[in-house]
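Have the structure open as you read along.

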Amino acid sequence: MMLRLLPIAAFAAACALPAYAADTEQIAQGKYLVQAGDCIACHTEPGGKEMAGGRAMPTPFGTLFSSNITPDPETGIGKWTADNFYTMLHTGRSPDGGLIYPAMPFPEYTKVTRTDSDAMFAYLRSVPAVHQPDRENELSFPYNNRELILGWRTLFFNEGEYKPNPDKSAAWNRGAYLVEGLGHCTMCHSPINALGGNSQSKEFEGGLIPMQNWYAPSLTSNKEAGLGDWSIEDISNLLRGGISRRGVVYGPMAEVTYNSLQYMTDADTKAMAVYLKSLGEGSPPGKESSGVDISENSLLMTLGKTIYMAQCASCHGAQGRGAPPNFPPLAGNPSIQMQSAVNPIRMVLNGGYPPGTAQNPMPYGMPPFAQNLTDDEIAAVVTYIRSSWGNQGAAISARQANELRTAPLD
């Protein structure tokens with residue numbers, strides 16, 4: 001995701017179109033890296049021209065609109081140089097020196113090497129040019145004052161390319177470069193504070209994705225989605241194919257797999273798996289307090305088992321073992337037991353499909369139950385799933401289910 005949120009018309013008018021030569025190998029590598037960075041997710045509006053921008057990005061501070069990064073000389077990056085592009089990725093500043101809003105993940109892209117940046121630029125210069133002016137952002141006061149970004153940068157931005165750790169393997173370092181840099185995984189898998197930033201001390205510890213009402217689990221702890229006890233093969237399969245013997249991706253992560261991860265090489269997803277596995281702490285899931293009293297919890301479990309056997313057991317099994325990889329196991333599944341119950345509630349309410357990928361071209365889906373089950377019934381079946389077969393998730397309330405009925409589906 002790359003958001004250049006300053007118009008460049010004045011800059012473009014003052015510059016001559018630079019000559020830029022790139023060979024087919026560099027362009028192909030650039031396409032691979034642009035896919036690894038999932039740039040299309042932000043810079044292509046649904047139904048719009050590729051990389052022409054205009055996609056609305058709702059935030060707690062207002063709506064941002066992604067920019068045109070096609071090689072159009074007036075409304076895109078057609079008059080940028082490779083130096084301009086690297087500076088934007090590396091420093092979070094547009095060619096005229098203006099500050100870029102951190103919805104564009106320059107705190108992560110700063111780790112991208114100059115060689116990779118040049119390849120990405122070569123590819124973007126090769127896509128069809130689209131004449132489409134950028135839309136003005138719709139931010140509330142005082143967030144429409146770009147100078148405030150200076151304070152944000154002081155707190156949350158550390159400029160610099162990725163430096164390999166000499167004590168780690170080549171695969172670990174490659175995985176770290178992809179996860180921390182182009183993959184910008186910390187943007188979702190780290191807690192976001194009131195200023196829209198995350199502390200380096202809490203990287204990968206999980207957090208609610210703003211405006212989407214999905215929870216990105218912690219990657220550092222096996223109490224949530226830490227992958228310390230997963231095999232490299234299972235992690236790689238999940239990243240690249242969207243399914244594995246241990247779980248399935250849904251929600252925003254399914255879009256990441258569809259747009260980006262499925263196109264990565266087996267070597268790169270295995271390198272990412274090596275790095276992600278190293279983040280796991282190896283601790284077992286812990287029992288969380290639910291705020292639901294004992295008598296109510298007993299009623300929820302009784303009702304939940306009845307609903308589960310009628311609606312869920314045919315796919316997930318009476319003992320929650322599932323039929324991997326198409327029907328993921330629920331017993332012992334960390335994603336079911338996390339402190340936040342947002343994701344299992346949303347899956348029962350809205351259903352969903354893992355992404356269609358080369359490894360899984362015809363994915364099995366889960367039907368929605370929002371139209372068939374009441375809030376009390378949703379609470380009961382999710383509580384049953386979170387607390388059965390050795391699972392140690394806390395009970396949930398009907399109020400929690402009701403709050404997510406109107407959550408956006410994407």
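## A cluster of rings

In this predicted model, ring pairs join Phe106, Trp152, Phe156 and Phe157 into a cluster. Another ring, that of Trp172, has the charged end of Lys168 sitting over it, 5.3 Å from the ring centre.

## Two ring pairs to find

A pair of aromatic rings is described by the distance of the centres and the angle of the planes. The count of aromatic pairs here comes to twelve. Take Phe204 and Tyr275: their ring centres are 6.4 Å apart and their planes stand at 75 degrees, so this pair is edge-to-face. Phe204 lies in the loop between α9 and β4, while Tyr275 belongs to helix α12, so to speak a link between distant parts of the chain, 71 residues apart. Both Phe204 and Tyr275 are buried.

Now try Tyr308 and Tyr384. Their ring centres are 5.6 Å apart with planes at 50 degrees, so the pair is tilted. Here helix α13, which holds Tyr308, is linked with helix α17, which holds Tyr384, across 76 residues of the chain. Both of these tyrosines, Tyr308 and Tyr384, are buried.

## The nonpolar cores

In soluble globular proteins, nonpolar side chains tend to be buried together. Which residues touch the most other members of the largest nonpolar core? They are Phe85, Leu89, Met120, Leu124 and Leu276, in a core of 51 residues. Elements giving two or more residues to this core include α2, α4 and α12, and the largest share, six residues, comes from α8.

Apart from this core lies another, of 28 residues, including Cys312, Ala313, Val348 and Leu404.

Notes. Residues are numbered from 1 along each chain as its sequence is written. This is a predicted model: local features need pLDDT of at least 70, side-chain atom pairs count only at pLDDT 80 or more; totals for chains, interfaces and linings use all residues. Side-chain values use heavy atoms; hydrogens and water are left out. Rings of Phe, Tyr and Trp (its six-membered ring) pair if their centres lie within 6.5 Å; planes under 30 degrees apart count as stacked, over 60 as edge-to-face and the rest as tilted. Helices (H or I, at least four residues) and strands (E, at least two) are DSSP runs, numbered from the N terminus. Buried means under 20% relative accessible area, exposed over 50%, partly exposed in between (1.4 Å probe, protein chains only). A charge sits over a ring if NZ of Lys or CZ of Arg is within 6 Å of the ring centre and within 35 degrees of the ring normal. A nonpolar core is a set of buried Ala, Val, Leu, Ile, Met, Phe, Trp, Tyr and Cys residues joined through side-chain atoms within 4.5 Å.
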